[in-house]
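Thanks for coming. I will go through one chain today, from the whole down to a single residue.

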Amino acid sequence: QVQLVESGGGLVQPGGSLRLSCAASGFTLDYYAIGWFRQAPGKEREGVLCISSSDDSIKNVDSVKGRFTISRDNAKNTVYLQMNSLKPEDTAVYYCAARDGPTGSSCSRAQTDYDYWGQGTQVTVSS
C-alpha cells in the first residue's frame with residue numbers, strides 16, 4: 001500500500017526552525033518527484049517546494065526563498081523540508097505529495113499532477 005506520512009510539525013516562535021519529514025512506504029521515493037504543499041486557514045493549498053528524482057528543486061512560493069530548503073535521503077526513503085526564519089504567515093498544514101507515471105520523476109507546479117498525498121502536519125508559528 002502506497003503511503004506518505006508527514007511528521008515534524010508543531011508550535012514554534014517567529015524566527016525559529018522546524019524540519020518536516022515525509023516518509024514513504026509501499027514504494028521507493030528515488031524515482032519520484034516529491035512536492036511540499038501548505039494550506040493556511042481560509043486559504044487555498046499552495047505549492048512550496050518540490051524536488052525531482054535528480055535532486056533538482058523548484059520553488060513555488062517566493063516568500064520561502066532563502067528560508068526553506070528541500071532534500072531527500074533515499075536510504076531512508078524520506079524527503080525533508082527544512083524551514084528556517086519562520087514567520088507567522090508560514091502557519092499552515094503542510095502536506096507532501098508524490099508524482100507517479102511516466103513524467104513522475106519531474107516536478108510540476110500543478111497539484112493535480114501529484115498522485116499520492118500524506119495526511120498533513122500542522123505548523124504553527126506564534127509567540
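Some bookkeeping. This is a predicted model: local features need pLDDT of at least 70, side-chain atom pairs count only at pLDDT 80 or more, and totals for chains, interfaces and linings use all residues. Residues are numbered from 1 along each chain as its sequence is written, and side-chain values use heavy atoms, with hydrogens and water left out.

The chain has 11 strands and 0 helices; strands are DSSP runs of E of at least two residues, helices runs of H or I of at least four, both numbered from the N terminus. Of its 127 residues, 44% count as buried, meaning under 20% relative accessible area with a 1.4 Å probe, protein chains only.

Now strand β7, residues 68–73. β7 pairs with β8, residues 78–83, in the antiparallel sense over 6 bridges; pairing takes at least two DSSP bridges. Between these strands the hairpin has 4 residues, and N77 takes a positive phi near 55 degrees.

Last, R72. Its relative accessible area is 12%, so R72 is buried. Its bridge partner in β8 is V79. The side chain of R72 reaches the backbone oxygen of Y32 at 2.7 Å, and a polar atom of that side chain lies 3.4 Å from the backbone oxygen of I51.

Conventions
Buried means under 20% relative accessible area, exposed over 50%, partly exposed in between (1.4 Å probe, protein chains only). A polar contact is a pair of N or O atoms within 3.5 Å; within protein, one must be able to donate a hydrogen and the other to accept it, and residues adjacent in sequence count only if both atoms are side-chain atoms.
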